[in-house]
Amino acid sequence: MNYEERESCNKVKLGIARCLLGESVRYDGSQKLDRYLRDILGQYVEWVPVCPEVECGMSIPREAVRLVGDLDSPRLVGRSSGKDWTAQMYDWGQKRLDQLEREGICGYVFRFGSPSNGMNRVKVYNDGNRVRHDGIGMWARMVMERFPGLPFEDDGRLHDPALRENFISRFFTLKRWRDAMSDGFTAGALVEFHTRHKLLIMAHNVQLYRAMGKIVAKAGIEEPELLFAEYFEMLFKALTYKLTVKKHINVLMHAFGYFKKDLSADEKQEMLELLDQFSKGLIPLIAPIILLNHYVRKYSKDYLAKQYYLNPYPAELMLRNHV
(Lines give C-alpha, C1' and ligand atoms only; values in the text may rest on other atoms or scores of the structure.)
Protein backbone atom coordinates (compact mmCIF):
# COMPACT_ATOMS: atom_id res chain seq x y z
CA MET A 1 0.00 0.00 0.00
CA ASN A 2 1.55 3.32 -1.04
CA TYR A 3 1.46 6.58 0.86
CA GLU A 4 -1.39 8.12 -1.12
CA GLU A 5 -3.63 5.06 -0.70
CA ARG A 6 -3.45 5.14 3.06
CA GLU A 7 -3.58 8.89 3.59
CA SER A 8 -6.41 11.39 3.54
CA CYS A 9 -7.06 12.98 0.15
CA ASN A 10 -6.73 16.40 1.78
CA LYS A 11 -3.35 17.93 1.09
CA VAL A 12 -1.17 19.40 3.82
CA LYS A 13 -1.47 23.20 3.97
CA LEU A 14 1.75 25.18 4.35
CA GLY A 15 2.37 28.90 4.50
CA ILE A 16 5.04 30.20 2.15
CA ALA A 17 6.63 33.44 1.00
CA ARG A 18 4.93 34.35 -2.30
CA CYS A 19 8.19 35.14 -4.08
CA LEU A 20 9.32 31.51 -3.65
CA LEU A 21 6.44 30.40 -5.88
CA GLY A 22 7.61 32.72 -8.67
CA GLU A 23 5.35 35.70 -7.97
CA SER A 24 7.00 39.04 -8.77
CA VAL A 25 6.31 40.69 -5.44
CA ARG A 26 9.79 41.67 -4.21
CA TYR A 27 10.72 45.32 -3.65
CA ASP A 28 12.27 45.56 -7.12
CA GLY A 29 9.50 43.64 -8.88
CA SER A 30 11.50 40.41 -9.06
CA GLN A 31 10.83 36.95 -7.64
CA LYS A 32 12.85 34.15 -6.00
CA LEU A 33 11.29 31.06 -7.56
CA ASP A 34 12.26 27.79 -5.89
CA ARG A 35 11.41 25.09 -8.41
CA TYR A 36 11.62 22.27 -5.89
CA LEU A 37 9.05 23.93 -3.65
CA ARG A 38 6.71 24.90 -6.48
CA ASP A 39 7.01 21.99 -8.88
CA ILE A 40 7.93 18.96 -6.77
CA LEU A 41 6.80 19.47 -3.19
CA GLY A 42 3.91 21.52 -4.55
CA GLN A 43 2.34 18.34 -5.94
CA TYR A 44 1.77 17.04 -2.40
CA VAL A 45 0.98 20.18 -0.41
CA GLU A 46 -1.43 23.08 -0.73
CA TRP A 47 0.55 26.30 -0.52
CA VAL A 48 -0.91 29.27 1.32
CA PRO A 49 1.16 32.15 -0.16
CA VAL A 50 1.80 35.33 1.81
CA CYS A 51 3.75 38.46 0.95
CA PRO A 52 3.61 40.55 4.13
CA GLU A 53 5.05 43.67 2.54
CA VAL A 54 2.62 43.82 -0.37
CA GLU A 55 -0.36 42.66 1.67
CA CYS A 56 0.19 45.28 4.35
CA GLY A 57 0.05 48.04 1.72
CA MET A 58 3.48 48.44 0.13
CA SER A 59 3.66 48.90 -3.64
CA ILE A 60 5.52 47.01 -6.38
CA PRO A 61 8.17 48.20 -6.96
CA ARG A 62 8.91 49.90 -3.65
CA GLU A 63 11.61 51.21 -1.43
CA ALA A 64 13.54 48.40 0.27
CA VAL A 65 12.97 48.10 4.01
CA ARG A 66 15.19 46.98 6.86
CA LEU A 67 15.01 46.22 10.57
CA VAL A 68 16.26 48.96 12.88
CA GLY A 69 16.67 49.19 16.65
CA ASP A 70 16.33 46.61 19.40
CA LEU A 71 17.09 43.03 18.35
CA ASP A 72 14.00 41.57 20.03
CA SER A 73 11.53 44.23 18.83
CA PRO A 74 13.01 46.10 15.88
CA ARG A 75 11.15 48.59 13.73
CA LEU A 76 10.57 47.98 10.01
CA VAL A 77 11.61 51.12 8.13
CA GLY A 78 12.41 52.31 4.63
CA ARG A 79 16.13 52.17 3.82
CA SER A 80 16.33 55.70 2.39
CA SER A 81 13.25 57.54 3.60
CA GLY A 82 13.15 56.09 7.09
CA LYS A 83 9.38 55.64 6.79
CA ASP A 84 8.20 53.43 9.64
CA TRP A 85 6.01 50.50 8.55
CA THR A 86 6.00 48.75 11.93
CA ALA A 87 2.47 49.59 13.09
CA GLN A 88 0.94 48.97 9.65
CA MET A 89 2.66 45.60 9.35
CA TYR A 90 1.56 44.64 12.86
CA ASP A 91 -2.08 45.64 12.37
CA TRP A 92 -2.32 43.78 9.06
CA GLY A 93 -0.44 40.82 10.52
CA GLN A 94 -2.87 40.17 13.35
CA LYS A 95 -5.73 39.73 10.89
CA ARG A 96 -3.60 37.58 8.56
CA LEU A 97 -2.59 35.33 11.44
CA ASP A 98 -6.25 34.74 12.22
CA GLN A 99 -6.77 33.70 8.59
CA LEU A 100 -3.82 31.31 8.72
CA GLU A 101 -5.22 29.74 11.86
CA ARG A 102 -8.52 29.13 10.10
CA GLU A 103 -6.61 27.66 7.14
CA GLY A 104 -5.08 25.08 9.48
CA ILE A 105 -1.52 25.36 8.17
CA CYS A 106 0.89 22.60 9.25
CA GLY A 107 4.13 24.52 8.68
CA TYR A 108 5.70 27.52 6.99
CA VAL A 109 8.54 28.20 4.52
CA PHE A 110 10.09 31.62 4.98
CA ARG A 111 12.42 33.60 2.69
CA PHE A 112 16.02 33.62 3.87
CA GLY A 113 17.38 37.03 4.93
CA SER A 114 14.16 38.98 4.41
CA PRO A 115 13.49 41.79 6.95
CA SER A 116 9.86 40.70 7.00
CA ASN A 117 10.05 37.02 6.04
CA GLY A 118 13.39 35.78 7.43
CA MET A 119 13.24 33.26 10.28
CA ASN A 120 16.82 33.84 11.46
CA ARG A 121 20.13 35.51 10.57
CA VAL A 122 18.37 38.70 9.43
CA LYS A 123 20.29 42.00 9.52
CA VAL A 124 19.25 44.42 12.26
CA TYR A 125 20.68 47.96 12.26
CA ASN A 126 21.05 49.86 15.50
CA ASP A 127 20.85 53.63 15.84
CA GLY A 128 24.59 53.92 15.20
CA ASN A 129 24.12 52.07 11.90
CA ARG A 130 26.04 49.10 13.18
CA VAL A 131 24.70 45.76 11.99
CA ARG A 132 23.81 42.55 13.77
CA HIS A 133 23.16 39.40 11.76
CA ASP A 134 21.03 37.41 14.22
CA GLY A 135 17.63 39.05 13.84
CA ILE A 136 14.22 37.65 12.91
CA GLY A 137 11.97 39.14 10.23
CA MET A 138 8.97 41.01 11.61
CA TRP A 139 6.32 38.82 9.97
CA ALA A 140 8.27 35.61 10.58
CA ARG A 141 8.48 36.46 14.29
CA MET A 142 4.72 37.01 14.42
CA VAL A 143 4.04 33.67 12.74
CA MET A 144 6.42 31.71 14.95
CA GLU A 145 5.04 33.29 18.12
CA ARG A 146 1.43 32.61 17.08
CA PHE A 147 2.08 28.99 16.02
CA PRO A 148 4.88 27.67 18.27
CA GLY A 149 3.95 24.03 17.58
CA LEU A 150 4.54 24.22 13.81
CA PRO A 151 7.67 23.24 11.88
CA PHE A 152 9.38 26.19 10.19
CA GLU A 153 12.18 26.44 7.63
CA ASP A 154 13.49 28.91 5.08
CA ASP A 155 14.40 28.32 1.46
CA GLY A 156 18.11 28.59 2.19
CA ARG A 157 18.18 25.84 4.83
CA LEU A 158 16.00 23.58 2.68
CA HIS A 159 18.90 23.12 0.26
CA ASP A 160 20.42 20.86 2.94
CA PRO A 161 19.04 17.33 2.23
CA ALA A 162 18.91 16.36 5.92
CA LEU A 163 17.10 19.55 6.98
CA ARG A 164 14.70 19.21 4.05
CA GLU A 165 13.88 15.61 4.93
CA ASN A 166 13.33 16.46 8.59
CA PHE A 167 11.08 19.43 7.84
CA ILE A 168 8.90 17.46 5.42
CA SER A 169 8.67 14.50 7.79
CA ARG A 170 7.58 16.82 10.60
CA PHE A 171 4.75 18.53 8.77
CA PHE A 172 3.40 15.27 7.38
CA THR A 173 3.45 13.90 10.94
CA LEU A 174 1.58 16.96 12.20
CA LYS A 175 -1.06 16.44 9.50
CA ARG A 176 -1.49 12.80 10.56
CA TRP A 177 -1.79 13.89 14.20
CA ARG A 178 -4.55 16.36 13.38
CA ASP A 179 -6.35 13.79 11.24
CA ALA A 180 -6.10 11.20 14.01
CA MET A 181 -7.54 13.63 16.57
CA SER A 182 -10.24 15.04 14.30
CA ASP A 183 -12.94 12.87 15.87
CA GLY A 184 -11.92 13.70 19.43
CA PHE A 185 -9.17 12.95 21.93
CA THR A 186 -9.81 9.27 22.58
CA ALA A 187 -7.54 6.64 24.07
CA GLY A 188 -7.95 4.51 20.98
CA ALA A 189 -6.84 7.32 18.65
CA LEU A 190 -3.73 8.02 20.74
CA VAL A 191 -2.75 4.36 20.96
CA GLU A 192 -3.19 3.90 17.21
CA PHE A 193 -1.18 7.03 16.39
CA HIS A 194 1.66 6.12 18.74
CA THR A 195 1.77 2.51 17.57
CA ARG A 196 2.22 3.54 13.94
CA HIS A 197 4.86 6.16 14.76
CA LYS A 198 6.98 4.15 17.20
CA LEU A 199 9.95 3.57 14.90
CA LEU A 200 9.87 7.13 13.56
CA ILE A 201 9.96 8.59 17.08
CA MET A 202 12.59 6.07 18.18
CA ALA A 203 14.81 7.13 15.28
CA HIS A 204 14.83 10.71 16.55
CA ASN A 205 15.11 10.25 20.30
CA VAL A 206 14.91 6.98 22.24
CA GLN A 207 14.49 8.64 25.65
CA LEU A 208 11.48 10.69 24.52
CA TYR A 209 10.07 7.62 22.77
CA ARG A 210 10.06 5.78 26.10
CA ALA A 211 8.56 8.76 27.94
CA MET A 212 5.80 9.03 25.33
CA GLY A 213 5.03 5.33 25.77
CA LYS A 214 4.37 5.99 29.46
CA ILE A 215 1.96 8.77 28.54
CA VAL A 216 0.08 6.49 26.15
CA ALA A 217 -0.22 3.89 28.92
CA LYS A 218 -2.26 6.43 30.91
CA ALA A 219 -4.75 6.98 28.07
CA GLY A 220 -8.28 6.33 29.26
CA ILE A 221 -7.26 6.89 32.89
CA GLU A 222 -6.14 10.51 33.19
CA GLU A 223 -7.71 13.75 31.89
CA PRO A 224 -7.44 13.41 28.09
CA GLU A 225 -6.87 17.06 27.16
CA LEU A 226 -3.87 17.41 29.49
CA LEU A 227 -2.51 14.01 28.52
CA PHE A 228 -2.76 14.64 24.80
CA ALA A 229 -1.19 18.09 25.13
CA GLU A 230 1.77 16.54 26.96
CA TYR A 231 2.10 13.85 24.31
CA PHE A 232 1.98 16.37 21.45
CA GLU A 233 4.63 18.55 23.09
CA MET A 234 6.94 15.55 23.43
CA LEU A 235 6.20 14.40 19.89
CA PHE A 236 7.36 17.61 18.29
CA LYS A 237 10.28 17.94 20.65
CA ALA A 238 11.38 14.46 19.63
CA LEU A 239 11.11 15.21 15.91
CA THR A 240 13.40 18.23 16.22
CA TYR A 241 16.31 15.96 17.15
CA LYS A 242 18.64 15.38 14.24
CA LEU A 243 18.61 11.98 12.57
CA THR A 244 22.01 10.33 12.19
CA VAL A 245 23.37 7.27 10.43
CA LYS A 246 23.82 5.59 13.81
CA LYS A 247 20.20 6.27 14.81
CA HIS A 248 18.90 4.93 11.50
CA ILE A 249 20.94 1.76 11.83
CA ASN A 250 19.67 1.18 15.38
CA VAL A 251 16.07 1.42 14.20
CA LEU A 252 16.69 -0.68 11.09
CA MET A 253 18.33 -3.38 13.20
CA HIS A 254 15.36 -3.24 15.58
CA ALA A 255 12.99 -3.77 12.64
CA PHE A 256 15.31 -6.44 11.23
CA GLY A 257 14.80 -8.41 14.44
CA TYR A 258 11.20 -9.10 13.47
CA PHE A 259 12.49 -11.40 10.71
CA LYS A 260 14.94 -13.53 12.67
CA LYS A 261 12.79 -16.65 12.19
CA ASP A 262 11.87 -15.88 8.58
CA LEU A 263 14.96 -14.90 6.64
CA SER A 264 17.40 -17.30 5.07
CA ALA A 265 21.10 -16.96 5.78
CA ASP A 266 21.59 -15.27 2.40
CA GLU A 267 18.77 -12.77 3.06
CA LYS A 268 20.21 -11.89 6.46
CA GLN A 269 23.64 -11.41 4.95
CA GLU A 270 22.23 -9.17 2.21
CA MET A 271 20.62 -6.85 4.74
CA LEU A 272 23.72 -6.72 6.95
CA GLU A 273 25.87 -5.85 3.93
CA LEU A 274 23.53 -3.02 2.97
CA LEU A 275 23.58 -1.65 6.51
CA ASP A 276 27.37 -1.76 6.53
CA GLN A 277 27.52 0.10 3.21
CA PHE A 278 25.03 2.69 4.50
CA SER A 279 27.07 3.19 7.68
CA LYS A 280 30.14 3.91 5.53
CA GLY A 281 28.28 6.43 3.36
CA LEU A 282 28.52 4.26 0.25
CA ILE A 283 24.76 4.05 -0.34
CA PRO A 284 21.79 6.25 0.69
CA LEU A 285 19.18 5.36 3.29
CA ILE A 286 16.66 4.37 0.64
CA ALA A 287 18.59 1.17 -0.19
CA PRO A 288 18.10 -0.68 3.12
CA ILE A 289 14.61 0.80 3.42
CA ILE A 290 13.59 -0.73 0.06
CA LEU A 291 14.92 -4.14 1.07
CA LEU A 292 13.22 -3.98 4.45
CA ASN A 293 9.91 -3.04 2.82
CA HIS A 294 10.37 -6.01 0.48
CA TYR A 295 10.75 -8.35 3.45
CA VAL A 296 7.73 -6.75 5.14
CA ARG A 297 5.56 -7.66 2.17
CA LYS A 298 7.15 -11.05 1.55
CA TYR A 299 6.73 -12.23 5.14
CA SER A 300 3.48 -10.33 5.93
CA LYS A 301 4.70 -8.30 8.89
CA ASP A 302 1.57 -6.25 9.52
CA TYR A 303 3.07 -4.29 12.44
CA LEU A 304 5.98 -3.07 10.33
CA ALA A 305 3.74 -2.46 7.31
CA LYS A 306 1.94 0.21 9.35
CA GLN A 307 5.12 1.92 10.55
CA TYR A 308 5.44 5.44 9.16
CA TYR A 309 9.20 5.26 9.57
CA LEU A 310 9.27 3.08 6.46
CA ASN A 311 6.96 5.39 4.47
CA PRO A 312 6.76 8.81 6.19
CA TYR A 313 5.85 10.83 3.07
CA PRO A 314 5.31 10.28 -0.69
CA ALA A 315 8.15 8.21 -2.15
CA GLU A 316 8.14 10.49 -5.22
CA LEU A 317 9.82 13.19 -3.14
CA MET A 318 12.93 10.93 -3.13
CA LEU A 319 14.21 12.48 0.08
CA ARG A 320 15.91 9.33 1.33
CA ASN A 321 17.82 9.04 -1.93
CA HIS A 322 20.06 11.84 -0.62
CA VAL A 323 20.49 11.09 3.11
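**Entry 1: the parallel sheet.** I started at strand β1 (residues 12–17) and strand β5 (residues 108–110), which run parallel and are joined by 2 bridges. I took helices (H or I, at least four residues) and strands (E, at least two) as DSSP runs, numbered from the N terminus. Two strands pair if DSSP finds at least two bridges between them. I16 has V109 in β5 as its bridge partner.

I noted the ground rules here. This is a predicted model, in which local features need pLDDT of at least 70 and side-chain atom pairs count only at pLDDT 80 or more, while totals for chains, interfaces and linings use all residues. Residues are numbered from 1 along each chain as its sequence is written, and side-chain values use heavy atoms, with hydrogens and water left out.

I then traced the whole sheet. It is open, has 4 strands in the order β2-β1-β5-β8, and its pairing is parallel. The edges are β2 (45–50) and β8 (152–154); each has a single partner strand, so one side of each is left without a neighbour in the sheet. The twist averages 25° from one strand to the next. For such angles, axes are lines fitted to C-alpha atoms, for helices over the stretch in contact, and angles run from 0 to 180 degrees between N-to-C directions.

Which strands does helix α4 touch? Helix α4 (residues 86–103) packs on the sheet against β1, β2 and β5, and its direction makes about 170° with that of β2. Contact means heavy atoms within 4.5 Å. α6 also packs on this sheet, touching β1, β2, β5 and β8; its direction makes about 135° with that of β1.

**Entry 2: the mixed sheet.** I found an open sheet of 4 strands in the order β4-β3-β6-β7, with mixed pairing. β4 (75–78) and β7 (131–135) are its edges, each with a single partner strand, so one side of each lacks a neighbour in the sheet. Here the twist averages 50° from one strand to the next. I checked strand β3 (residues 65–68) against strand β6 (residues 122–125): they pair in the parallel sense over 2 bridges. L67 stands opposite V124 in β6.

Next I looked at I136, in the loop between β7 and α5 (138–146). I136 is partly exposed, with a relative accessible area of 23%. The cut-offs are under 20% relative accessible area for buried, over 50% for exposed, and partly exposed in between (1.4 Å probe, protein chains only). Not counting residues up to four places away in sequence, I136 touches L67, G118, M119, V122, R141 and M144. The C-alpha atoms of I136 and G118 are 5.9 Å apart, though 18 residues separate them along the chain.

**Entry 3: α10 on α11.** The axes of α10 and helix α11 (residues 265–279) come within 10 Å and cross at roughly 170°. That makes α10 roughly antiparallel to α11 (under 35 degrees counts as roughly parallel, over 145 as roughly antiparallel, 65 to 115 as roughly perpendicular, the rest as oblique). V245, H248, I249, L252, M253 and F256 in α10 meet K268, M271, L272, L275, F278 and S279 in α11.

Is H248 buried or exposed? H248 is buried, at a relative accessible area of 6%. Leaving aside neighbours within four places in sequence, H248 contacts L243, F278, L285 and Y309.

**Entry 4: aromatic rings.** I counted rings of Phe, Tyr and Trp (its six-membered ring) as paired if their centres lie within 6.5 Å; planes under 30 degrees apart are stacked, over 60 edge-to-face, the rest tilted. The count comes to 16 aromatic pairs. W177 and F228 make a tilted pair, 6.3 Å centre to centre with 50° between the planes. W177 is in helix α6 (residues 161–180) and F228 in helix α9 (residues 224–238), 51 residues apart. Both W177 and F228 are buried. W177 and F232 are tilted too, at 5.7 Å and 35°. W177, F185, F193, F228, Y231, F232 and F236 form one aromatic cluster.

**Entry 5: backbone.** The peptide bond from I60 to P61 is cis, with omega near -10°. P61 lies in the loop between α3 (52–55) and β3. S300 has a positive phi, near 50°, and counts as exposed at 54% relative accessibility.
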